[in-house]
Amino acid sequence: MNRTASAFLVVAVLTGLLVALGFALQSKGYGFGSLGNERLDGLASASSFMPLAALYALAAMLVTILPIRAAAVVHTSGTTPLYLAAIVLFATIVGVQGARLAFGNMQALQALLDWHFLFAVGIVAAHLSLDTLRRNVLLRTLAFIGFGLATLVCLYWTFRF
């Protein structure tokens, strides 16, 4: 949890400073300030969590069903990078909206109320409880079914919108 919070805070602060620099350059008349902010806005959208959550649920489903060594490889090479990517993406969104709020846009915090952010919360909750879900056979089976359903739901919402 400490690693999650520190990574989130560092990325959010650095992104906020980068967007603030872009706003400062834009106010001085330089065009690349607005170009950088537009690229961060395009990257930092809430709808990008849905395919990321689908990939994470698929990897977590494999972790719950595979034997211990194969599950360790999938956990190390699959779920952890996807989890950290979700943390970085959410921190980027918070940093961009925080900088917008600091520069006078009062509607910036309203963008953080999007329901797509529930997928990011789901990724964090699943990753923090993934070790507990592998403890016994009943939890493994229920987690496998739950992650399979989560994969299908995430893919449905990805292709729906």
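Reader: In which crossing does α1 pass α2, left-handed or right-handed?
Author: α1 passes α2 in a left-handed crossing. Left-handed means the near helix is turned anticlockwise from the far one by less than a right angle; clockwise is right-handed. Helices here are DSSP runs (H or I, at least four residues), numbered from the N terminus. This is a predicted model: local features need pLDDT of at least 70, side-chain atom pairs need 80 or more, and totals for chains, interfaces and linings use all residues. Residues count from 1 along each chain as its sequence is written, and side-chain values use heavy atoms, without hydrogens and water.

Reader: At what angle do α1 and α2 pack?
Author: About 145 degrees, with the axes 7 Å apart. Axes are lines fitted to C-alpha atoms, for helices over the stretch in contact, and angles run from 0 to 180 degrees between N-to-C directions.

Reader: Which residues of α2 make the contact?
Author: Phe32, Gly33, Ser34, Asn37 and Leu40. Contact means heavy atoms within 4.5 Å. On the α1 side, Thr15 is one of the residues involved.

Reader: Is Thr15 buried or exposed?
Author: Thr15 is buried, at 9% relative accessible area. Buried is under 20%, exposed over 50%, partly exposed in between (1.4 Å probe, protein chains only). Beyond four places in sequence, Thr15 touches Leu40, Thr92, Gly95 and Val96.

Reader: New topic. How many salt bridges does a search of the whole structure find?
Author: One. Arg135 pairs with Asp131, their closest N and O atoms 3.7 Å apart. The cut-off is a side-chain nitrogen of Lys or Arg within 4 Å of a carboxyl oxygen of Asp or Glu.

Reader: Is Arg135 buried or exposed?
Author: Arg135 is exposed, at 61%. Asp131 is exposed too, at 55%.

Terms used. Helices (H or I, at least four residues) and strands (E, at least two) are DSSP runs, numbered from the N terminus.
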